[in-house]
Amino acid sequence: MVETARVVIIGGGAVGASALYHLALAGWTDCLLLERNELTAGSTWHAAGNVPTFSSSWSIMNMQRYSAGLYRGLGEAVGYPMNYHVTGSVRLGHTDERLREFRKVVGMGRYQGMDLAILSPGEIRDRYPFVETHDLTGALYDPHDGDIDPAQLTQALAAGARQLGARIERFRPVTGARREGGEWVLETPRGEVRCEYVVNAAGYYAARVGAMFGRKVPMMVMSHQYLLFDTIPELEVWSREQGRKLPLLRDVDSSYYLRQEKMGFNLGPYENPCRAHWVAPSDPMPEDFSFQLYPDDLERLEFHIADAMARVPLLEQARLQKVINGPIPYTPDGNPLIGPMPGVPNAFEACVFTFGICQAGGAGKVLAEWITQGGTEWDMWSCDPRRFSGFENPDYCVAKGMEVYGHEYAIHFPMARWPAAPDQKLSPVHDRVVAAGGQMAPYNGWERAEYYAAPGDDTAWAATQTFRRAGPWEARIRAECAAVRDGCGILDLPGFTRLRLVGPGARAHLASLTASRLPAPGRTGLLYFADARGRIVTEMTALPFSDEDIGVITAAVAQSHDADLLRRGLPEGVTLEDWSEAIHCFIVTGPQARAVLAPLTEGDLGLPWLSVQYQARVAGREVALVRVSFAGELGWEVHCDRADAPAIWDALTGAGAVPFGMKALNSLRIEKAYRAWKGDLSTDYSLLQGGLGRFIDWSHDFPGKAALAAERQQGPAKRFAVLTVDCADFDPPAMSNIWAGDRIVGEVTSAAWGYRVGACVALAMIAAGHAAPGTRLEVEVFGQRHAARVTGDGPLWDPPLGRCADALVGHEGDDRPSWHGARDPCRIFCRRGQSGHHQHLCAAPRPVPEIRPRPPVPRFL
Ligand SMILES: Cc1cc2nc3c(=O)[nH]c(=O)nc-3n(C[C@H](O)[C@H](O)[C@H](O)COP(=O)(O)OP(=O)(O)OC[C@H]3O[C@@H](n4cnc5c(N)ncnc54)[C@H](O)[C@@H]3O)c2cc1C
């Protein structure tokens with residue numbers, strides 16, 4: 001008899017058990033969980049069991065909020081009572097910037113239906129009488145925070161899954177895996193199991209299990225400790241009088257939590273310096289570490305113990321009873337892996353959890369949705385395994401993991417660059433960019449300039465520790481935007497993802513995946529991809545060389561995600577190639593771009609928007625020229641061989657092109673209402689909500705067509721909109737609430753100061769009834785509401801009259817005049833738009849010059 005199951009989950013910690021429970025809840029009961037030891041034997045058994053909802057990430061907060069709600073009712077639902085104390089928590093703030101972080105989270109919480117609150121220093125003691133407050137600026141109170149017994153939680157989830165018909169086998173390790181006849185065959189000492197889907201939920205063993213599938217899991221393992229203190233009589237008296245426990249206290253600026261444990265305390269620091277384990281050959285990971293701990297290591301916690309005693313002097317009375325030092329896995333960004341296993345069919349990951357107890361509930365839901373529905377209710381890119389692309393070697397994982405752990409509670413400021421493991425992937429002109437003052441930041445590991453500092457500018461870490469727009473960078477970004485507006489800028493852009501579908505049927509394959517119409521060979525155009533519910537999965541720029549050879553260019557961070565999508569259902573004979581490392585790109589843009597390029601190229605600079613010249617030369621080097629610019633000015637992408645890039649950079653900058661960075665590009669694209677992937681474009685919104693309706697080619701079948709057709713009939717509930725916000729000091733962070741009176745009616749998806757229009761500009765998603773141009777709204781920025789006005793759903797900026805022939809072409813009413821908008825030949829004329837700037841409107845057709853014939857082998861696209 002061959003043993004079978006539809007889904008096999010490898011690993012029986014809190015996360016594996018929750019995945020099993022949620023699959024069973026979804027009606028997928030033919031599921032089997034295999035655990036090498038007893039349930040909870042990994043990290044789960046020794047976890048402290050804190051269940052916060054706090055997160056500065058919308059999706060992680062969603063997941064944790066869901067967990068807390070699930071845990072409240074779980075014991076009763078499955079008949080397995082648990083110790084779950086909802087005590088609330090007090091999170092202390094020592095600085096104004098910390099309070100700003102709290103206010104942002106309070107706003108997100110409010111949108112998610114949670115009543116988090118800011119406490120003034122005077123109010124903190126009402127919630128937590130034993131704390132010293134003299135040096136605090138305030139605190140955040142979360143009434144939903146609490147703690148749960150992790151082993152009981154896991155057993156309850158397991159019991160619930162079993163009751164629904166799912167199976168669990170303990171002491172049955174998976175030792176190998178192979179693909180056979182479109183199924184997975186998993187090897188165990190007690191025989192093989194065949195299954196359709198498999199889930200790696202192996203916690204800190206995830207890399208080992210991943211290797212069975214040929215997958216390198218980007219992770220490392222940290223040692224993490226908490227200290228248990230004996231009964232404190234004064235605390236016992238207070239607790240008995242009050243009939244409750246103290247709320248959990250987090251001193252995030254000193255990096256620890258302090259929780260009442262019975263009538264004593266549990267102190268859990270995230271220390272720096274910290275300690276990684278199992279990273280050196282001298283310290284190999286044991287074959288089996290079930291129910292084991294590392295030796296106590298208190299020396300490095302001394303600061304935190306002293307600090308906690310000063311903060312809550314009651315702690316001084318306590319005797320240390322026990323230390324728990326256990327393994328805790330980290331990815332390079334500290335978020336877990338939940339979703340498709342990159343490049344491996346029918347395989348998923350739900351592993352490498354740093355906060356796996358508070359996230360287990362939500363993670364189980366998300367994982368089950370991935371498997372049963374092919375997508376998740378909430379956009380979960382923050383946890384998608386495909387956000388890593390394979391360059392993350394062990395040294396990188398260790399350096400980043402330690403950095404995240406050592407700054408677990410740190411504030412993530414918009415201009416700060418986390419310094420560990422830099423320079424993973426370098427532009428061929430990296431040295432020139434740095435010499436010109438480039439302040440670098442990684443994009444999928446590729447170093448790009450955020451902006452160019454001038455000599456004497458304060459570029460130290462300390463200067464970046466602010467949410468304020470103003471800073472040493474502001475004058476530089478302003479000047480870079482002005483250079484692009486008035487002259488010619490050059491952006492060094494290493495790391496564009498370049499994929500190529502090659503073989504008979506390539507065009508038909510791509511056409512079957514995208515909601516858009518593919519451009520003809522020799523042209524270029526934007527493609528949008530929807531999921532079955534019509535939601536935005538991704539965006540790619542297509543460059544079909546022929547029907548059997550189609551290039552696509554996408555965001556650097558989309559490398560693994562988009563390859564995964566294109567690989568789906570790949571027909572026999574079609575191959576997917578990744579050219580991302582081989583070719584380099586500069587964006588040369590601004591009204592003087594033609595004048596700068598002209599002496600350096602014999603290419604035809606008169607060709608229109610969207611034209612592609614596969615074989616041109618710049619500075620005597622072969623290039624491809626694509627007539628587009630994400631900055632919204634006249635411009636070309638110059639694609640070239642990496643080896644030729646320095647000469648081209650030297651020639652262009654020598655001819656007057658001014659280097660500009662990603663921050664300026666962000667400002668320029670927001671003024672043009674150009675959306676960015678996973679900021680403005682995500683599975684939280686449908687193509688129609690995102691205002692991308694005109695990119696849909698209804699004449700062919702594509703994923704999500706039925707859902708979008710139904711939505712078209714009804715009219716989208718939300719709409720994309722552009723707002724100006726009267727916010728003098730800050731740009732609204734993503735997911736800032738938008739208010740109409742006393743109702744939240746939408747959220748900001750990205751925002752920046754627009755230097756060309758002289759206003760703070762936000763791209764947003766707003767309830768349909770509030771998205772009309774001219775609507776007055778308010779945007780909540782760090783707790784304060786600022787007046788805002790909907791300007792429409794199109795650009796706030798277009799180049800002024802006189803440059804029209806060089807400008808972006810659009811149709812009246814287009815939200816995003818762009819490459820696709822120019823597909824139809826049109827004549828352009830100008831008028832002064834509402835914003836006071838000129839708009840380009842499409843009137844009668846006019847002939848478009850011939851596009852040059854494509855070469856047999858495109859080298860640079
Ligand atoms: C000291 C400490 C305190 C913590 N406190 C908290 C906290 O307060 N709140 C919080 O949210 N998180 C906390 N954590 C983190 C939390 O413990 C983990 O994130 C969580 O337990 C991870 O659960 P998991 O199910 O992903 O992994 P695990 O619990 O590690 O489970 C993985 C399972 O996979 C099994 N397995 C591995 N390989 C195989 C195989 N080949 N075949 C079959 N089975 C296999 C293992 O035996 C193990 O049982 C703490 C961690 C530590 C170290």
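These legends accompany several close-up views of a predicted model.

View 1. Start with Glu 35: an N or O atom of its side chain sits 2.6 Å from an oxygen atom of the ligand. Another ligand oxygen distance to look for is the one to a polar backbone atom of Asn 50, at 2.7 Å. For Ala 48, a backbone N or O atom is found 3.0 Å from a nitrogen atom of the ligand. The ligand would expose 1000 Å² if taken alone, and the protein buries 98% of that.

View 2. With a relative accessible area of 10%, Lys 365 is buried. The C-alpha atoms of Lys 365 and Ser 18 are 7.7 Å apart, although 347 residues separate the two in sequence. Beyond its neighbours within four places in sequence, Lys 365 contacts His 22, Tyr 66, Glu 377 and Trp 378.

**View 3. Pro 143 between two strands.** You will find Pro 143 in the loop that joins strand S7 (138-142) to strand S8 (146-148). Pro 143 is partly exposed, as its relative accessible area is 22%. Val 86, Gly 88, Asp 115 and Leu 116 touch Pro 143, leaving out residues up to four places away in sequence. Met 114 is 29 residues from Pro 143 along the chain, and their C-alpha atoms are 8.7 Å apart.

View 4. The peptide bond from Asn 272 to Pro 273 is cis, and its omega is near 10°. Pro 273 belongs to the loop between strand S16 (264-269) and strand S17 (276-277). In another loop, between strand S9 (167-169) and strand S10 (176-180), sits Phe 171. Phe 171 is not a glycine, yet its phi is positive, near 55°. This residue, Phe 171, is partly exposed at a relative accessible area of 45%. Asn 346 lies in the loop between strand S19 (337-340) and strand S20 (347-351). Phi of Asn 346, also a residue other than glycine, is positive and near 50°. A relative accessible area of 26% makes Asn 346 partly exposed.

**View 5. Thr 554 and its contacts.** Strand S27 (residues 549-554) contains Thr 554, which is buried with a relative accessible area of 4%. Its side chain forms a polar contact, at 3.1 Å, with the side chain of Asp 562. Leaving aside residues up to four places away in sequence, Thr 554 touches Phe 496, Thr 497, Glu 539, Met 540 and Asp 562.

View 6. Helix H16 spans residues 645-654, and its buried residues include Ala 645, Pro 646, Ile 648, Trp 649, Ala 651 and Leu 652. In an α-helix, residues three or four places apart point the same way, because there are 3.6 residues a turn. After H16 comes Gly 656, with a positive phi near 115°. Helix H17 (residues 662-671) is mostly covered, with eight of its ten residues buried. Those buried in H17 are Met 662, Ala 664, Leu 665, Ser 667, Leu 668, Arg 669, Ile 670 and Glu 671. They pack against strands S21 (438-443), S22 (446-452), S23 (489-492), S36 (743-754) and S37 (759-767), as well as helix H12 (474-486). Just past H17, Ala 673 has a positive phi of about 60°.

Methods:
Residues numbered from 1 in each chain as written. Predicted model: local features only at pLDDT ≥ 70, side-chain atom pairs only at ≥ 80, totals over all residues. Heavy atoms only, no water. Polar contact = N/O pair within 3.5 Å; in protein donor to acceptor, adjacent residues only side chain to side chain. Areas by Shrake-Rupley, 256 points an atom, 1.4 Å probe, with all protein chains shown as cover. Buried < 20%, exposed > 50% of the residue type's maximum accessible area, 1.4 Å probe, protein only. Helix = DSSP H or I, 4+ residues; strand = E, 2+ residues; numbered from the N terminus. Contact = heavy atoms within 4.5 Å.
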